[in-house]
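Visitor: Please put the model up, and then let us go through its pockets.

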Amino acid sequence: MNYLALDASTEACSVALQVNGKTFSRYELCPQSHSLHLLPMIDAVLHEAGIKLAELDGLIFGQGPGSFTGVRIGVGVAQGLAFSANLPVVGVSSLQAMAQLAYIKHGQKQVLAAIDARMSEVYNGYFVLDENNVMQAQKGEAVTPPENLAQQLSDVVVAPFYAVGTGWDAYPEKLSEKSGEQLLALKINEGSPDILFPSAEAMLAIGKVKLELGQGVSAEHAQPVYVRDTVSWQKLPGK
């Protein structure tokens, strides 16, 4: 099965294409210019693989949380491509993708992802590897003041975890306040996380399992996940 994954939910912009078991990918840090890079990156991997969009079996997109503008760009591009080629789509969490990348790169099976959400908050989620080698959230993803992260996850984080995401660098003092000491005692990697952003390759690993389980939906049902409920989403005109 051949799948395309794309993500623009954070400062990173990435695409990954799986064709006949081979993966072709592009990844670039390009804050505030995703709209200029995403489609050319998709064209590049399709050309490199020698395949047309209509020959794919499904499309995977980064659904957030993350940058509101970036998430909208990613979902909009996914909808447009899926409509044009009549492809089923699935969304993948940016937090889950970072956790999956920690498993792919380091074999980590318990991961706490925290992305800087601005406004003195972090998007966060705690993930554990399942029987399909896919990272699964142990609690609903949330947006939380960093000083409250320990309390937010106290009922699910019971084992040493690997930390990923920009939140750990953005709020080190608040995360290390007295209420967070017990949580940080379970953090096994020191210093700045080596995984700061999600990647389409990790989303590909998650999304293809969802598609093969029949969880794909039509393009008009592609939806973002902002976590903050104060932000509204407008679908494509007429859809």
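Visitor: Which elements each supply at least two residues of the lining of the second largest pocket?

Guide: This is a predicted model, where local features need pLDDT of at least 70, side-chain atom pairs count only at pLDDT 80 or more, and totals for chains, interfaces and linings use all residues. Residues are numbered from 1 along each chain as its sequence is written, and side-chain values use heavy atoms, without hydrogens and water. Helices (H or I, at least four residues) and strands (E, at least two) are DSSP runs numbered from the N terminus. The elements asked for are β8 (135-137) and α8 (200-212).

Visitor: Which element gives the most to that lining?

Guide: On a 1 Å grid over the protein atoms alone, a pocket is an open set of points where a 1.4 Å probe fits, with protein on both sides within 12 Å along at least five of seven lines; lining residues have an atom within 4 Å of a point. The second largest pocket has 14 such residues, with Gln 96, Val 134, Gln 136, Ile 206 and Lys 210 nearest its centre. With three residues, the most comes from α8.

Visitor: What is the volume of the second largest pocket?

Guide: Grid points are joined across faces, edges and corners, and a volume is the space filled by probe spheres set on the points. For the second largest pocket this gives about 160 Å³.

Visitor: Which element supplies the largest share of the lining of the largest pocket?

Guide: That pocket has a volume of about 470 Å³ and is lined by 22 residues. The largest share, four residues, is that of α2.
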